[in-house]
Amino acid sequence: MRRRAVFLDRDGTINKDPGYIHSPKLIRIYPAARRGLKLLADNNFLLFVVTNQSGLGRGYFTPEELAAVHLKLEAELRRDGITLDEIVYCPHHPDDGCVCRKPSPYLVRELAGRYGVDCHSSFFVGDKLTDVLTGYNSGCRTVLLALPEEVEELRRMKDWREPDYIAEDLYQAAVWIIETGNYSG
């Protein structure tokens, strides 16, 4: 049987986004993200973080600094009983023309293949249009995290694609994911 997962953007979705997080000290997890991830974990979803980290390609931080940031994120979530199944990232500069930068489905499909995930029964959650497009390109249902006043501006973007759901935070998204009846754990 194929497994179900929630693929998540990192910055702006799970934690505050001060821009180019290069130090574990900058990790500030949203309380609603903690509650939402716990709800998803308790309902047996695999949890993956899929993030663009062009700060590596730009030379703003090293792979070791990024690894320390991810260790801090995982340790913080473990205190709440949440285990991320894996964190993957695109390290490239946006101009590099790589195959892995969101909205490419490459990283999601790699994870899905390794873990036996059915993307059509899975979800992609993020705070940017690229996250919605990544989910769509991967065959996942999509959730955009945005405040009501942000949605109209986002809808005017030329690459706009309507997500399956718009939530104000990750907890609200998690409740919707569970309530859709799409999960039969």
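Tutor: The crossing of helices α1 and α7 is left-handed, meaning that the near helix is turned anticlockwise from the far one by less than a right angle (right-handed if clockwise). This is a predicted model, where local features need pLDDT of at least 70, side-chain atom pairs count only at pLDDT 80 or more, and totals for chains, interfaces and linings use all residues. Residues are numbered from 1 along each chain as its sequence is written, and side-chain values use heavy atoms, without hydrogens and water.

Student: What makes α1 roughly parallel to α7?

Tutor: α1 (residues 31-42) and α7 (residues 170-179) pack at an angle of about 20°, with axes 7 Å apart. Angles under 35 degrees count as roughly parallel, over 145 as roughly antiparallel, 65 to 115 as roughly perpendicular and the rest as oblique. Therefore α1 is roughly parallel to α7.

Student: Which residues of α1 and α7 meet?

Tutor: Contact means heavy atoms within 4.5 Å. Among those in α1 are A32 and L40, and α7 contributes residues including L170 and I178.

Student: Why are both faces of strand β4 called covered?

Tutor: F123 and V125 on one side and F124 and G126 on the other are all buried. Buried means under 20% relative accessible area, exposed over 50%, partly exposed in between (1.4 Å probe, protein chains only).

Student: How do you know that β4 pairs with β5?

Tutor: Strands pair if DSSP finds at least two bridges between them. Four bridges join β4 to β5 (residues 141-145), and the two run parallel.

How values were computed
Axes are lines fitted to C-alpha atoms, for helices over the stretch in contact, and angles run from 0 to 180 degrees between N-to-C directions.
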